[in-house]
Amino acid sequence: MAEKRFVYADNAATTKISDAVFDAMVPWLKEGYGNASSIYRKGDESARALNKAREQVATALGAEPREIFFTSGGSEADNWVIKGVAHSLAAKGKKHIITSVFEHHAVLHTCETLRKEGFEITYVPVSDQGLVSVEDIKNAIREDTALVSIMYANNEIGTIQPIAEIGAVCKEKKVLFHTDAVQAVGNVPINVKEQNIDMLSLSAHKIHGAKGVGAMYCRRGIVLPNLIDGGGQESGKRAGTENVAGIVGLGVAITNAIATLPERTARLRVMRNRLIDGLLTISHSRLNGDREKRLAGNVNISFEGVEGEALLLTLDANGICASSGSACTSGSLDPSHVLLSIGLPAEIAHGSLRLSLSDETTDEDVDYMLSVIPQVVDKIRAMSPLWEKIIAYS
């Protein structure tokens, strides 16, 4: 193998906080500790910082500042939107929600909670390339449909959904449309007005911001019930003293992400494609998800005869941080619901590898992964009785 180095290739899980974000946050962790709800100068300084960050997030999304509500992250924003719309429209007889089978668990588990409360959930399928059909959404909408919630880009296989087209259908049918854009914000161009997005969720730590802070966009005119009652923060909709430092960092992170988007994604696509081409030379491998309609930094490949946990641990021993199509490392032996939804058999889904790149990924990192991963796959296969059967019958 090549000389060992450290390669972080799990940016879809979380990103390293950038120097610019860190430097912007530090003053608000030390000198700028005032409560933004206080009327004296130190509090007013914090309030001004929040207002600036709100403007930055709104600008990045093509929204208005008053349509941005800060949260603790994407999961909270998803819960707020889905439960809020469901509960507010239930009184009007609208108790039907449409989502897809391969959403993030923040959406799927929220919908399951609502199902137990008596709401009806329609889960539209995805193609074997990991794409939602606009026609399926259109056909699923009913008179009692309250909300359509479709993720912008899948967190595992990186496929980018036809959001503008889905938004147009929802607008025509007069149904509210939400997108979980946690993976997409800062990685693809987004304009909520042009794409007919009514509500959107995002998270700072996916774009080199801090963990524990995110935002919800909610189109002006839509009134959601409060998720957290208490003080008057976030226009009285989301109580709790604001995380000023984290929110300031989000403003910087999203501004920088948008400013560098064209050149960054062009560079990432080159590295992504080189990784895909190189890894597909390994026998009995396949790319998961559409090759072109995917995030610039996402690679997801399955290797037959390989077990996900062994793959991750061996890669880690060689300095490569990645993730797998198996949730075994989090205490579950179930394969990824995303990979099952695109038609992968469970035994192949277990042997999947996700590599997610960032602007800090280098060509040398790609070289190293292309050197190490084939050898790791060969090593695991050499010890696998399953691989012996695959070879015998192929």
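**Figure 1. Pairing of β5 with β6 in the predicted model.** Ser149 stands opposite His178 in β6. This close-up is taken from a predicted model. Strand β5 (residues 145-149) runs parallel to strand β6 (residues 176-180), and three bridges join the two.

**Figure 2. The open sheet of seven strands.** The strands follow the order β2-β8-β7-β6-β5-β3-β4, and their pairing is mixed. The edges are formed by β2 (68-71) and β4 (120-124); each has a single partner strand, so one side of each is left without a neighbour in the sheet. On average, neighbouring strands of this sheet are turned by 20° against each other, direction ignored. Helix α2 (residues 41-61) lies across β2, β7 (199-203) and β8 (214-218).

**Figure 3. Pairing of β10 with β13.** Strand β10 (residues 298-303) and strand β13 (residues 352-356) run antiparallel and are joined by five bridges. Ser302 has Ser352 in β13 as its bridge partner.

Figure 4. The protein is divided into domain 1, which comprises 7-15 + 261-393, and domain 2, which comprises 19-257. A distance of 29 Å separates the C-alpha centres of domain 1 and domain 2. To the contact, domain 1 gives 26 residues and domain 2 gives 31 residues.

**Figure 5. The second largest pocket.** The volume of this pocket is about 480 Å³. Its lining comprises 32 residues, of which Asn187, His208, Arg264, Ser358 and Asp359 are the closest to the centre of the pocket. The elements that give two or more residues to the lining are α1 (19-29), α7 (244-259) and α8 (261-279). By residue class, the lining divides into 10 nonpolar, 16 polar and six charged residues. Both domain 1 (7-15 + 261-393) and domain 2 (19-257) give residues to the lining, and the second largest pocket therefore lies between them.

Technical notes: Residues numbered from 1 in each chain as written. Predicted model: local features only at pLDDT ≥ 70, side-chain atom pairs only at ≥ 80, totals over all residues. Heavy atoms only, no water. Pairing = 2+ DSSP bridges. Helix = DSSP H or I, 4+ residues; strand = E, 2+ residues; numbered from the N terminus. Axes fitted to C-alpha atoms, helices over the stretch in contact; angles between N-to-C directions. Contact = heavy atoms within 4.5 Å. 1 Å grid on protein atoms, 1.4 Å probe; cavity = no way out; pocket = protein on both sides within 12 Å on 5 of 7 lines; lining within 4 Å. Points joined across faces, edges and corners; volume = space filled by probe spheres on them. Nonpolar A, V, L, I, M, F, W, Y, C, P; charged D, E, K, R; others polar. Domains from an automatic or database assignment.
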